[in-house]
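Subject: Structure handover

Hello,

Here is the structure we spoke about. My notes on it follow below.

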Amino acid sequence: MAKPTDLVQGTLDLLILRTIALQPMHGWGISQRIQQLSSDVLQVQQGSLYPALHRLEQQAWIKSEWGESENNRRAKYYSLTRAGQKQLERETANWQRLSAAIAQVLRTA
Amino acid sequence: MRWLRVLMMRFRSMLKKQHLDAELDAELRFHVEREIEKEIARGMTPEQARYSAIRAFGGITRRTEDCRDARRINWIEDVFRDLRYAARALRKNLVFTAVAVLTLGLGIGANTAIFSVVDAVLLRPLPYRDSGRIAVLWTTHTGPDRNFDGAISYRDFEQIQKQNRAFSGLTVFYIPGWSVVTLTGGEEPEKVQGAHVSANFFSLLGILPVLGRAIHADDLARGERVVVISYALWQQRFGGSPNALERSLEIGGQRWRVVGVMPPEFRFPFPKAQFWAPLTTHPDWISPEEPDPLSKPRWMAVGRLKSGVLFARAQAEADTIASRLRRAEPNTDKGLGMRIISLREHMTEGVRRALLLLLGAVVLVLLVACVNLANLSLARGAARGHEFAVRASLGAARDRLVRQLLTESCLLALFSGVLGLGIAAASLRAILALAPADLPRLDTITLNGSVFAFTFALSLAAGLLFGILPAWKSASANPGHALQEGGRSLSEGRSSRRLHGFLVTAEFALAMVLATGAGLLIRSFVAVIETDPGFRPRHVLTVNMEFPSEVPQARIMAFYHEALDRVRALPGVTAAGTSSHLFFLNESRTHALRQVEGRAPEPPSRWTPLVWTQISGDYFRAMGIPLRAGRFFNDRDGPNAQPVVIVNETLAQRYWPGEDPVGRRLKGFDPRGKNDDWLTVAGVVADMRSHGIERAPISQIYEPQAQRLTETTPNLVVRTAGDPLALVANLREALRSIDKTVILSGVSTMEQQLGEQTARRRFETWLLGVFSGLALALAAIGIYGVMYYAVARRTQELGIRLALGASAEGVVRLVLAQGMQFAIAGIGLGLFSSLWLARAMAGMLYGITPADPVALGSAAILLLSISLLAAYLPARRASRIDPISALRYE
């Protein structure tokens with residue numbers, strides 16, 4: 001397995017938003033899902049996950065709710081707000097534009 | 001809509017903090033538990049799993065802090081938390097807080113007091129419309145025919161009005177000496193200063209009266225006897241009642257109609273002006289005593305610059321006009337120059353330097369206080385090292401710690417600021433009482449809004465200044481180190497000692513500069529006090545006797561003659577005389593004798609001030625001026641006898657150096673006797689410092705009043721056996737019984753008169769002395785504190801030395817030497833800087849050179865002894881250390 005790459009903060013935000021766009025999730029679930037979806041390439045630094053979640057919540061991109069988890073324990077579930085949905089679309093477009101540009105430079109340079 | 005949610009989130013973060021913290025705790029705990037489960041599922045033991053999970057997480061507490069930080073976007077919350085924490089920390093160490101607040105409070109208080117003076121006198125704009133544009137046309141004269149500086153003739157004024165482009169308006173008024181009148185119609189006639197002004201005087205200044213109206217052009221055209229009075233006069237003579245406008249004021253026996261009252265702060269153009277009358281009603285205007293009065297320099301002009309015109313341009317234009325005037329009127333205007341000075345600058349010229357010096361002094365005092373506090377904080381910070389180490393290891397960012405400590409020092413400083421305001425309010429009264437009476441705008445000095453703002457800003461600045469060093473040092477300390485040593489102290493040893501020492505050096509340097517300044521002023525003041533004024537001022541009373549202008553000369557002469565007889569008969573009087581002038585404080589003209597028998601006339605380039613004084617009675621004996629040669633005047637020196645004069649030593653030295661002037665003959669500029677007779681020198685008296693106690697004596701000639709019947713001698717001088725003031729009532733009665741129309745004013749002792757001449761110097765010296773004393777005390781406290789902590793910290797080391805056989809005195813000497821070296825370095829540095837200061841102060845000194853060794857030396861010795869004493873006390877404690885308990889101390 002390749003060494004897990006560290007994630008820059010902005011990218012982490014994008015991944016979080018994308019992950020919970022599919023369905024509301026708690027923090028641990030989000031970290032597992034990201035790892036899973038990226039085939040273990042991306043391992044979220046657990047120390048930066050929760051600050052990121054709280055920051056996103058403060059900015060009202062996501063909202064939280066306490067609910068019952070799979071094993072009947074209380075957990076905090078995060079879901080996307082409408083503003084967050086728009087932010088996700090914007091960030092995704094940005095990312096795609098950015099990565100396309102980088103790829104182009106790498107090809108031709 | 002998002003911003004609404006954001007706002008709500010912030011409110012929630014602020015209000016429901018505990019709840020949110022509990023939630024966060026639960027959330028993170030959930031995560032860790034799931035992680036543990038995952039590891040167990042992978043095959044680890046529970047302990048391994050727990051360990052691995054927590055390590056992966058990276059330290060729960062740290063992450064909690066991070067989350068809380070993410071939540072806390074609102075910095076106001078931070079500030080409040082820091083403030084609460086700071087207050088708690090200050091309360092815990094009450095002794096330190098009290099000492100610190102007191103120390104800094106004194107420093108801030110002194111600054112506030114002086115700033116309120118500077119604000120009122122120098123900074124605050126004058127109460128006239130757009131006062132920055134108002135300028136004084138100050139004339140200067142060079143050459144021997146100098147007239148009074150500042151004055152112009154009316155003709156010149158008209159020319160200036162016609163030729164100038166820079167001013168939107170010019171107004172003119174008589175110089176102060178020409179606008180003193182007698183107010184009759186009260187219990188006693190009273191001499192009062194007023195102003196005779198031109199038509200646009202009030203409109204140019206933009207000041208409105210509080211009652212009635214101001215002077216108009218019509219009043220001038222008609223030459224009406226109308227007058228606008230001052231607020232004080234209104235209260236005094238009319239009881240402040242509005243029907244004053246229908247009443248009249250009796251001036252010199254004539255009735256003048258009161259048409260307006262000015263506001264209380266209005267003091268223009270003279271500080272003592274009590275009324276304003278039209279220019280054209282001045283007696284010299286209506287019926288002048290001399291031909292062509294308009295060509296005499298009896299007026300002063302003030303103007304308003306057009307907007308957009310710079311002072312430099314107005315000055316250039318004034319120079320041009322002055323040169324034209326010089327060419328046009330070579331007789332009267334030779335050597336004429338004009339300076340355009342802003343009104344505020346003109347008013348504050350004399351005091352600006354002294355006030356700035358005092359301001360500099362209090363800033364130095366504040367710096368000393370700040371350095372003191374920095375030192376104390378550093379020492380205390382060392383004691384709190386444990387606390388900060390724990391916080392740092394728990395993840396507090398360094399800048400948060402710094403912010404916390406700065407909040408503490410700023411809070412402390414704000415408390416000091418409040419105390420400082422109180423101190424300033426209390427001491428302001430004393431300062432005002434001590435201030436010279438001619439300080440401009442003295443009565444507007446108060447603690448107002450800008451003073452409060454200044455104090456607040458200064459307190460914050462002081463808090464940051466003294467807090468930054470200890471804060472940075474505490475926050476950057478190595479936490480592991482502090483935790484290891486049982487948390488008693490931070491990094492020890494030479495570097496910290498050197499830091500403390502450096503601060504002590506700074507303190508002493510600043511205190512030394514202040515002490516030197518004070519020493520120089522004190523020496524100057526002592527020199528002034530000890531200067532022989534040329535007469536004996538103790539037990540001498542003086543009264544000014546004047547008459548309204550209509551009283552004939554003969555009656556005045558008779559009065560003086562009778563007055564002397566009556567006064568000499570009063571009990572307690574040993575001698576009495578009269579004189580035309582007591583002092584010539586503002587004399588700037590240079591003169592010479594027209595002719596001296598047997599000598600060539602003096603070239604104008606060698607002319608110096610020369611004044612004539614008429615005297616009668618026993619003037620010299622009353623003043624205590626000794627006779628050096630020849631004789632005093634006697635009754636035989638009458639109008640038909642040979643004209644005689646008495647000269648002072650300076651004049652004798654000027655014209656007859658090395659010879660006996662008695663019997664020599666001379667002539668003054670005005671003819672005497674029937675045929676421009678020669679005057680014979682009958683005697684020589686000692687020099688009197690009539691030009692001012694700080695200036696050298698000037699050439700002075702005395703002549704008997706009996707031989708100069710056109711002049712009056714209104715100053716009565718009485719020497720008494722006992723307290724002169726006890727005589728005042730009898731004297732007034734005696735004088736008024738001769739002639740009821742006499743106006744008595746200026747009743748004072750000669751000592752009081754001399755005191756007024758030294759008032760300003762006394763003020764500066766006192767204040768600077770107090771401030772430097774303050775700085776000295778603070779520096780002493782500073783070195784005491786540093787030494788105290790130094791000994792406490794090195795208890796173990798010193799105990800070992802004692803145990804190993806060092807003598808008690810040896811230990812004391814060691815500690816003392818190490819402490820004193822910084823003080824001595826500071827004193828040396830201060831000495832060096834004060835040489836530069838002394839040169840800047842040279843204009844304020846008297847009788848000593850700027851590098852006066854006595855002043856510098858005594859300042860240095862004083863500081864050295866204080867530092868020695870302050871350092872010795874804690875050093876002595878070092879010798880008392882019990883080696884055994886010191887070694888046991890862990």
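Two strands are taken to pair if DSSP finds at least two bridges between them. Please keep in mind that this is a predicted model.

Sheet in chain A

By that criterion, β2(A) and strand β3 (residues 74-80) of chain A are joined by seven bridges and run antiparallel. One of the bridges links A:G67 to A:A75 in β3(A). The sheet is open and has three strands in the order β1-β3-β2 (chain A), with antiparallel pairing. Its edges are β1 (25-26) and β2 (62-68) of chain A, each of which pairs on one side only. Chain B also takes part here: its helix α2 (residues 17-42) packs on the sheet and touches β1, β2 and β3 of chain A.

Helix α3 of chain B

Helix α3 (residues 46-57) of chain B has twelve residues, which at 1.5 Å a residue should span 16 Å; the end C-alpha atoms are 16 Å apart, so the two agree. The buried residues of α3(B) are B:A49, B:S52, B:A53 and B:F57. Seen down the axis of α3(B), they fall within an arc of 130 degrees and therefore line one face of the helix. An α-helix has 3.6 residues a turn, so residues three or four places apart point the same way. On the face of α3(B) turned away from the buried side are the exposed residues B:E47, B:Y51 and B:R55. Just after α3(B), B:G58 has a positive phi of about 90 degrees.

Nonpolar cores

The largest nonpolar core has 98 residues, and B:L104 and B:F771 have the most contacts inside it. Helix α13 (residues 343-383) of chain B gives the largest share of this core, 18 residues. Leaving aside neighbours within four places in sequence, B:F771 is in contact with B:A110, B:I114, B:L358, B:A361, B:V362, B:V365 and B:L514. A second, separate core has 53 residues, including B:M262, B:L279, B:W299 and B:M300.

One buried alanine

B:A823 is in helix α26 (residues 808-840) of chain B. Its relative accessibility is 0%, so B:A823 counts as buried, the cut-off being under 20%. Not counting residues up to four places away in sequence, B:A823 touches B:V504, B:F508, B:I783 and B:S867. The C-alpha atoms of B:A823 and B:A780 are separated by 9.9 Å, and the two residues are 43 residues apart along the chain.

Regards

Key:
Residues are numbered from 1 along each chain as its sequence is written. Chains are lettered from A and ligands numbered from 1 in the order in which they are written. This is a predicted model: local features need pLDDT of at least 70, side-chain atom pairs count only at pLDDT 80 or more; totals for chains, interfaces and linings use all residues. Side-chain values use heavy atoms; hydrogens and water are left out. Helices (H or I, at least four residues) and strands (E, at least two) are DSSP runs, numbered from the N terminus. The expected span of a helix is 1.5 Å times one less than its number of residues. Buried means under 20% relative accessible area, exposed over 50%, partly exposed in between (1.4 Å probe, protein chains only). The arc is that of the directions from the helix axis to the C-beta atoms. Contact means heavy atoms within 4.5 Å. Axes are lines fitted to C-alpha atoms, for helices over the stretch in contact, and angles run from 0 to 180 degrees between N-to-C directions. A nonpolar core is a set of buried Ala, Val, Leu, Ile, Met, Phe, Trp, Tyr and Cys residues joined through side-chain atoms within 4.5 Å.
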